[in-house]
Structure formats: structure tokens, C-alpha cells
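Thanks for coming. Please look at the model on the screen while I go through the contact between the chains and a few charged pairs.

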Amino acid sequence: MESARSIGAWSAVLLSLLGCGSDPEELLLGRWEEVEWRYEKFDGEGPPGRKWVDGFRFSHDDPAEVVRHEAEFWEFKPGRELEISLRNGDRVHSRWRLKGRGHVLTLRRPGTEAVELYDVKELGEGVLILNYDIGMEVRGIARLEFRRARPEQSADAGPRA
Amino acid sequence: MMLLEHAGPGGRRRTHRHDYLLGGTTAAVAGFVNVCSVIAFFAFSSNVTGHVAIFAEEVVKGHWHQLSVVLLWVLSFLFGAFAANLSITRLGGTRPVVGRLAPLFLELVLIATVAYYGQHHYAETLRETEVLVGLLVFCMGLQNGAVASVSGGVVKTTHVTGLFTDLGIELSLVLQRRRQVDPQLLFKFRLHLIILAGYVLGGVGGGALFLQFGFSALYVASAGLLAVLAHDLVVSRVSSPVFQERPAGSSEPWASERGIRGRPEPDASSVRAG
């Protein structure tokens, strides 16, 4: 009986551990401004006068297709909806999920089977850093850094200086 | 003969065939569940070494949520092994069959529960993911604890690091001519190969079936455990004089079944620490 009580007590302690730390899903909600997209290994130099390096984003529908983007805003909404606002006014919609211990972000576009996988390197109140492994042909991992967007910011404002 | 026959003194003796069958089947279940967990949740269900390393990494980075989750998973495995051995030893005196079968039965039920929940209710929230992985990790602890307890530490089916270590040592010894005639060494070498083969085949099967059928594939793992339990329940009923439950307060030792070969006591090297 004593051992059963101690097992029950320890179980309650262990289960309460699940509540430690901020919930990653709660932290992720909101609007993020992409401030940097950088390759782990990039052979060229970035454009002069800019702090960030132009990057390329592969479309999962066609791995050979390259989509150049600038100053995107990512808005993670409740209900697992993600809206990416591009500078040209286009919007891309996906469904997001956090997996594992909160270290994997999956994005799935409606109507496709393709899934984008990002490694969540850092997630805090004001910073989000994702790693995206885009394959050996473009020399490895792309690093995406986001800052929490100000409410008045829009995609037309462009990247921060 | 029951696959979950206890190796210890005072009960029936296990044979090598006990260990081959038990190791192979439970290793296949472990591999199956592990791959399904990776595909579904991006987290291993039987990789305690990796979880401990990740825990250390998350401590250094100060990721409190992640380190608490990983700590919970590691402790779930520990608790599973603890619960399995508790069942076997506490019930070993009065209800030995129940004590030995209960951990695998609980594992079977929990895996089926994860399968059902994943199939019908899983909304892919992070909290659900963490709890479901924790349940699977607990199952692996139950399984590893149960088979290690009944086999005297000889069979461990979710401890791949130790498995490869032992295989390397045994291969080195087997290749030395003067060691080739050691039957105990050959037994362990074959056993570990069977466990490895079971784990890999289970993993391949789990991956293929999960990609095809989703969470319902986990019912196959439950079915594998059910086969082990059903076998032992049938055997225990057929060989009734030995598997009758010991009356409370009885000091009579268990009778040994005619024709069952005894097995050597496991040597100290076969019982790995942690």
C-alpha cells in the first residue's frame, strides 16, 4: 500500500513536469517577419547594401523550381493555419504542426501530399529560428530567422534595414 | 513451455528456444513500434541513449519545455521497466503466470489505445504528441523490463547499443578458433542475431504498414504481443500441475515438468547494468 501511494505521488510529480516551460504552440502563434534567410554554406556573396543574403526557396511540387522571395511575413494562426504574405501581395496558405518535443515544424499545403519539414532551433517571445534542409545540391541547410512583427507592419514595407 | 517462463531458481528452467522465440518476437514488436513512432511523431519510442543526450542538449540551451518532455519520456521508460519487474516479482510467489503476462498485456492494451486514438481522435497538437510518445516509451520500458526479468537479463529487445556491443564482442570470440566450441557463446551470438534481425524486420514492416495504413498499423504490434500471450496462456492451461497458482502461505516449491532441460545460470556478464 505504501509503495502504491509513493508510485502514485511520483506519477503526479512526473505528469506535472509536462507543464514546465512555455508551450511552444502558444509561443509560435502570431505574426513573424522573416529577417534573414541564409544558407549554411553559400558560395556567392549577398547583394551590396543589405544585411541579409538573398535566398532561394524550393517548391515541393517541383524540386527544380526555385522561388525567390523577399521580406515574407509568416502568421501562425490558431487552428493550425499558416499564412505567408509575400512582398508582391501573394499569400500562401499551409497547415502547420509541431511534432516531437516541439522541435519539428511541418507545413502542409492544401491539396498536396508534400510536407515541408523545418527544424525549430530557437523559439522565444521575440525570435524564431528555423533550419531547413534543402539538399546537397544547394549545399545543405538554410537558416531562416524571424522576429515578432509589429502589428502595423505589412509585406510592402520590405525587410528591415 | 511458456515463452515468459522465469529463468530463476525455484521455477521452471528456460531453454534456449524460449529465448530465441521471445527475443525475436518482442524485438520485432519493438522495432515496429519505434519506426511507427518516428513517422507519426518525429520521436523515438526506444532510444533512451538519444533521449538522454537530447536532454543534456536542451539543458544547455535552456529549453525548459523540451527538456521536461524528454525527461518525462526517459522516466516513462524507467517506470515501465520498474512496473514490469514489480509485477513479476510481487506476483511471482502466488500468481506467477499472471505476474509474468501482465506487463505484456498492459503493453498490448496501451499500444492498441495509441492506435485507436491516433486513428480516430488525434488532432496533432504538440501535447497529444508528447503524451502518446510517452505512452509508447512506457510500453518499451514494460517490454524490456519484462523480458529481461524473466530471462535473467539475457534477453533485452530495445537496447540496440548493448546489442551491437555484445555482437561485436561475440563475433570477435567466435572467430577465434579456440572459442568456437563454446555452446554458451554460440547461443548468445545466435540470440543476439535473432534479436537484431527481429528488430530490423519489425522496423521495416512497421514503416511500410504505417505509411500505407496509418495508425491502424499499430494493431499489428498489439497482435504480435497477443500471440505471445495467447501461446503462454494455452501452454499454462495444458501443463496444469506446474502452472497452478501457488496457494497463499504455501511453502512448497514448484514442481518441474518432466523433460524440460535446465539452463545454466546466467553469468554476471550477461546482466548488463542500465
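Predicted model: local features only at pLDDT ≥ 70, side-chain atom pairs only at ≥ 80, totals over all residues.

Residues are numbered from 1 along each chain as its sequence is written, chains are lettered from A in the order in which they are written, and side-chain values use heavy atoms, with hydrogens and water left out.

First, the interface. Contact means heavy atoms within 4.5 Å, and 31 residues of chain B and 26 residues of chain A take part. The buried area is about 2300 Å², with 60% from carbon and sulfur atoms; that is the accessible area (1.4 Å probe) that the two parts lose on being put together, summed over both. Phe42(B), Glu124(B) and Leu126(B) supply 28% of what chain B buries against chain A, more than any other three residues.

Next, salt bridges: a side-chain nitrogen of Lys or Arg within 4 Å of a carboxyl oxygen of Asp or Glu. Three of them cross the interface. In one, Lys99(A) pairs with Glu124(B), with the closest N and O atoms 2.8 Å apart.

Within chain A, Glu25(A) pairs with Arg80(A) at 3.3 Å. These two are 55 residues apart, and both are buried, meaning under 20% relative accessible area, where exposed is over 50% and partly exposed in between (1.4 Å probe, protein chains only).

Conventions:
Helix = DSSP H or I, 4+ residues; strand = E, 2+ residues; numbered from the N terminus.
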